[in-house]
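Here is a short walk through one protein chain, written for someone who would rather look at the side chains than at a table of coordinates. Have the viewer open and follow along.

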Amino acid sequence: MKKHFRDLLKYNEWANYRVLKSVEENGPDDAELLKLYSHILSAQTIWLNRIKDLPTSPFPVWEQYKLSELSTMTEESSDNWNDYMGEHKLETFEEMIFYTDSEGKKYENTIREIITHMVNHSAYHRGQVAKYIRDKGGQPAITDYIVYARGK
């Protein structure tokens, strides 16, 4: 199972860097693009902090960051998730995490469920970025998992 999640996180990293480049090329000052990509990275940080039982409050869910900040955040998110995978001692990810969401509601989910959600959530919003770029006449990055898998 650990190999599977390492692969998903590598895919997520690959796709994020492609989207970052796409934002740079198609609208580095476009508020909607910056907001969508900011949300992806904020959510990735929030979910990892929940797993690690760290504060999530410094990372508003819908904060809009500048392109230069997003570049740094992309690298930090990838590094932090990769470090977490390297530190995680078990092959399974069935440990239960207890956390409070951004609205103050309490939940519990396994690490397996959280990682799966985080990668799917990121893919969903990367799709929104692609649609927005395409609607503006640009060429969005291709971020399909199968394209990533073919290039491995």
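This is a predicted model: local features need pLDDT of at least 70, side-chain atom pairs count only at pLDDT 80 or more; totals for chains, interfaces and linings use all residues.

In a salt bridge, the side chains of Lys10 and Glu13 meet at 3.6 Å, N to O. The term salt bridge here means a side-chain nitrogen of Lys or Arg within 4 Å of a carboxyl oxygen of Asp or Glu. Lys10 and Glu13 are three residues apart in helix H1 (residues 2-26), so about one helical turn separates them. Lys10 is partly exposed, with a relative accessible area of 39%, whereas Glu13 is buried at 18%. For these words, buried is under 20% relative accessible area, exposed is over 50%, and partly exposed lies in between (1.4 Å probe, protein chains only).

Residues are numbered from 1 along each chain as its sequence is written, and side-chain values use heavy atoms, with hydrogens and water left out.

**Salt bridges**

How many salt bridges does a search of the whole structure find? The search finds five. Side chains of opposite charge can pair when their charged atoms come close.

| Pair | N to O distance |
|---|---|
| Lys10 and Glu13 | 3.6 Å |
| Arg112 and Glu94 | 2.5 Å |
| Lys131 and Asp135 | 2.6 Å |

Arg112 and Glu94 form a salt bridge at 2.5 Å. That pair links distant parts of the chain, with Arg112 in helix H4 and Glu94 in the loop between H3 and strand S1 (96-100), 18 residues apart. Arg112 is partly exposed at 28% relative accessibility, and Glu94 is partly exposed at 40%.

Lys131 and Asp135 sit four residues apart in helix H4, so they are separated by about one helical turn. Lys131 counts as partly exposed at 49% relative accessibility, while Asp135 counts as exposed at 55%.

**The chain as a whole**

Which elements does the chain contain? There are five helices and two strands, and from the N terminus on they run α-α-α-β-β-α-α. The radius of gyration is 15 Å, close to the 15 Å that the globule rule gives for 152 residues, so the chain is as compact as a globular protein of that length. That radius is taken over C-alpha atoms, and the globule rule is 2.2 Å times the number of residues to the power 0.38. Helices (H or I, at least four residues) and strands (E, at least two) are DSSP runs, numbered from the N terminus. Along the principal axes, the C-alpha atoms fill a box of roughly 45 × 40 × 20 Å. Of the 152 residues, 43% are buried.

**Contacts across the sequence**

Val19 is found in helix H1 and is buried, with a relative accessible area of 3%. Val19 and Ala130 are 111 residues apart in sequence, yet their C-alpha atoms are 8.2 Å apart in space.

Ile142 is partly exposed at 45%. From C-alpha to C-alpha, Ile142 and Ala15 are 8.0 Å apart in space and 127 residues apart in sequence.

Pro140 also lies in the loop between helix H4 (111-135) and helix H5 (145-151). Is Pro140 buried or exposed? Pro140 is buried, with a relative accessible area of 7%. Pro140 and Pro60 are 26 Å apart in space, C-alpha to C-alpha, and 80 residues apart in sequence.

**A backbone angle to look at**

Most residues other than glycine have a negative phi, and most peptide bonds are trans. The phi of Asp53 is near 60°, a positive value in a residue other than glycine. Asp53 is found in the loop between helix H2 (31-51) and H3, and is exposed, with a relative accessible area of 66%.
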